[in-house]
Amino acid sequence: MLKAVNNVSFSVERGRTIGVVGESGCGKSTLGKTILRIHQPTAGKILLNGEDIMQMTKQQQKSYYQKMQMIFQDPNACINPRMSVADVIGDPLKVNKLTSSKAELEAKVDDLMETVGLAQRLYGAYPHELDGGRLQRVGIARALALNPEFIVCDEPVSALDVSIQAQILNLLMDLQDEKKLTYLFITHDLSVVRHISNTIMVMYLGHCVEMAPTKELFENPQHPYTKALLAAIPKIDLAFRKSGKKRQLIQGELVSPINPKPGCPFAARCDYVTDQCIGEDLELKDLGNNHCVACRLFE
């Protein structure tokens with residue numbers, strides 16, 4: 001059996017951002033899509049404002065799903081090439097019957113385009129006429145159409161140039177301040193997650209191995225996997241090069257996620273592994289300062 005996400009638990013306050021990092025295949029995107037019920041969870045709870053969505057009727061769930069939206073990684077793949085910018089942004093409003101006339105729909109689309117910085121001349125444009133940055137703004141506008149409270153951002157800037165990345169990140173942060181939005185921000189880029197997140201969760205093979213406030217995690221990483229991730233960040237400090245220090249590299253092969261053995265999922269690649277690390281799954285241990293880690297070194 002493959003458990004793409006296993007025993008992951010966290011909470012995020014209104015108007016805050018939790019970043020999720022980890023290597024490809026660790027379950028980041030699956031986590032986000034499961035929260036939105038794009039993937040159906042096999043167990044557990046999904047609470048929004050204290051209400052368990054899993055226990056609601058379909059009619060109740062529909063109203064709650066309007067409060068949760070997603071910004072996808074590749075805007076080219078998630079936008080219908082046969083629909084104009086106005087049609088893409090206005091589609092959620094049509095589907096949920098939130099406008100009573102064509103004029104009202106057009107006015108709301110105009111307002112959303114202005115909110116995300118899209119020129120009105122692009123109202124009737126098609127996806128192939130737009131660059132990646134403008135396409136992602138269309139995706140953001142579509143996510144905002146239903147006035148959500150919670151948005152899953154699934155690597156929303158990874159497909160963009162660096163200069164455009166900064167624009168989109170600043171837009172997301174401005175929208176958060178203005179609308180009190182709550183983000184689950186998924187990324188590979190540690191510099192990006194450091195810029196936008198209040199809390200960071202590190203995942204490995206479907207498990208949360210460490211979670212802490214952003215500043216605390218970068219200044220005081222505890223889990224060996226987290227330390228290796230931070231050590232992989234490129235450094236331009238010449239003093240570091242002259243010091244002769246070497247990067248901390250992760251040794252060994254990635255173990256199969258199918259029917260994993262009980263114990264620490266990182267044990268096969270950890271320099272500090274002991275017999276205690278194998279045989280029993282680990283729980284997150286609070287080290288203080290809201291810093292939690294799943295590792296035998298701290299028990």
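The lining of the largest pocket divides into 16 nonpolar, 13 polar and five charged residues. This is a predicted model: local features need pLDDT of at least 70, side-chain atom pairs count only at pLDDT 80 or more, and totals for chains, interfaces and linings use all residues. Residues are numbered from 1 along each chain as its sequence is written, and side-chain values use heavy atoms, without hydrogens and water.

A pocket is an open set of points on a 1 Å grid where a 1.4 Å probe fits, with protein on both sides within 12 Å along at least five of seven lines; lining residues have an atom within 4 Å of a point.

| Largest | About 1,000 Å³ | 16 nonpolar, 13 polar, five charged |

In the largest pocket, V8, L31, I35, K45 and I46 are the closest to the centre of the 34 lining residues. Helix α1 gives the most to this lining, with four residues.

Aromatic rings pair if their centres lie within 6.5 Å; planes under 30 degrees apart are stacked, over 60 edge-to-face, the rest tilted. The structure holds three such pairs. Y225 and F266 have ring centres 5.4 Å apart and planes at 55 degrees, so the pair is tilted. Y225 sits in helix α10, F266 in the loop between α11 and β9, 41 residues apart. Y225 is buried (under 20% relative accessible area), at 0%. F266 is buried too, at 3%. Y204, Y225 and F266 form one aromatic cluster.

Conventions
Points joined across faces, edges and corners; volume = space filled by probe spheres on them. Helix = DSSP H or I, 4+ residues; strand = E, 2+ residues; numbered from the N terminus. Nonpolar A, V, L, I, M, F, W, Y, C, P; charged D, E, K, R; others polar. Phe/Tyr/Trp six-rings, centres within 6.5 Å; stacked < 30°, edge-to-face > 60°. Buried < 20%, exposed > 50% of the residue type's maximum accessible area, 1.4 Å probe, protein only.
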